[in-house]
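Have the viewer open as you read.

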Amino acid sequence: MTTPSITRMTAPPSTAYKIVDVPEAYADVIKRHGIPGTFVGASEKESPWVPFGANAAIRHLLFDTRHNIFSNILWIKTAGVIGTHKHRGTVVMVCLEGSARYLEYDWVAGPGGFIYETPGLVHTLVTDHADGVKLFGWLQGPIEFYDDKGNFVETLDVWWFINHYESYCRAHGIPINKELYI
Ligand SMILES: [Fe+2]
């Protein structure tokens with residue numbers, strides 16, 4: 001037996017331009033144990049571009065040490081390569097500007113392109129675009145980087161990304177932005 005499809009769309013049910021109180025059975029529990037959301041504005045005061053090799057930079061947006069999750073924008077400034085790496089977790093990325101692809105696959109991500117990566121994938125990120133690429137990323141789990149001979153070099157995880165951000169801030173007298181930590 002098939003389930004009849006819903007034909008009447010009910011969301012969003014309100015377009016009122018106001019704050020509306022809604023019921024919540026566990027409001028007190030949420031107040032005690034809920035984790036506030038965060039906001040990081042676009043300015044470099046809120047999160048600077050931190051160099052990542054000679055031709056790239058990372059703008060850190062979020063660190064979740066409980067789940068080994070880190071979110072950022074990766075900017076490869078001109079045509080170039082971010083070397084071969086292996087994922088031990090999942091990655092969600094959206095191309096914001098420019099274009100990027102992996103040598104291992106046959107697609108090219110332009111602005112608005114969506115990328116999903118899963119544990120065990122090994123690939124080599126390149127941009128052939130003269131203006132490089134900006135990729136928003138929501139990354140979970142360790143990423144292992146290899147040299148051009150296939151030798152393991154380094155693991156990048158939430159601790160690596162926090163250190164990358166904080167050591168740059170310390171060196172440049174930039175205050176650590178608490179909004180990046182959940
Ligand atoms: Fe990747």
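The report below goes through the sheets, a helix, the nonpolar core and one histidine.

## Ground rules

This is a predicted model, in which local features need pLDDT of at least 70 and side-chain atom pairs count only at pLDDT 80 or more, while totals for chains, interfaces and linings use all residues. Residues are numbered from 1 along each chain as its sequence is written.

Helices (H or I, at least four residues) and strands (E, at least two) are DSSP runs, numbered from the N terminus. Two strands count as paired if DSSP finds at least two bridges between them.

## The six-stranded sheet

Start with the open sheet made by 6 strands, which follow the order β1-β2-β3-β9-β5-β7 with antiparallel pairing. Its edges are β1 (49-51) and β7 (114-117); each has a single partner strand, so one side of each is left without a neighbour in the sheet. On average, neighbouring strands here are turned by 25 degrees against each other, direction ignored. For such angles, axes are lines fitted to C-alpha atoms (for helices over the stretch in contact), and values run from 0 to 180 degrees between N-to-C directions.

Within this sheet, β5 (residues 91-98) and β9 (residues 133-140) pair in the antiparallel sense over 7 bridges. G98 has V133 of β9 as its bridge partner, and E97 stands opposite K134 in β9. β5 is also joined to β7, by 4 antiparallel bridges; there, V91 is bridged to E117 of β7.

## The five-stranded sheet

A second open sheet holds 5 strands in the order β6-β8-β4-β10-β11, with antiparallel pairing. Here β6 (101-102) and β11 (152-156) take the edge positions with a single partner strand each, so one side of each has no neighbour in the sheet.

β4 (residues 80-87) pairs with β10 (residues 143-146) in the antiparallel sense over 3 bridges, and K86 stands opposite E144 in β10. On to β11: 4 bridges join β10 to this antiparallel strand, with F152 of β11 as the bridge partner of Y146. β10 and β11 form a hairpin with 5 residues between them, and G150 in the turn has a positive phi of about 90 degrees.

## Helix α2

Helix α2 (residues 158-172) packs on a sheet, touching β1, β2 (56-64) and β3 (69-76), and its direction makes about 115 degrees with that of β2. Contact here means that two C-beta atoms, placed from the backbone, lie within 7 Å. The 15 residues of α2 reach 21 Å from first C-alpha to last, close to the 21 Å expected at 1.5 Å a residue, where the expected span is 1.5 Å times one less than the number of residues. After α2 comes G173, whose phi is positive, near 65 degrees.

Which residues of α2 are buried? They include V158, F161 and Y165. A residue is buried if 20 or more other C-beta atoms lie within 10 Å of its own, exposed if 12 or fewer, and partly exposed in between, with C-beta atoms placed from the backbone. Seen down the axis of α2, its buried residues fall within an arc of 75 degrees, so they line one face of the helix; the arc is that of the directions from the helix axis to the C-beta atoms. Their cover includes β1, β2, β3 and β11. The face turned away from the buried side carries the exposed N163, S167, R170 and A171.

## The nonpolar core

A nonpolar core is a set of buried Ala, Val, Leu, Ile, Met, Phe, Trp, Tyr and Cys residues joined through C-beta atoms within 7 Å. The largest one has 21 residues, of which A56, L74, I76, C95, A100, V133 and L135 touch the most other members. β2, β3, β5, β9 and α2 each give two or more residues to this core, and the largest share, 4 residues, comes from β3.

## A look at H164

H164 lies in helix α2. Is H164 buried or partly exposed? H164 is partly exposed, because 18 other C-beta atoms lie within 10 Å. Leaving aside neighbours within four places in sequence, H164 is in contact with V50 and I58. H164 and G80 are 84 residues apart in sequence and 21 Å apart in space, C-alpha to C-alpha.
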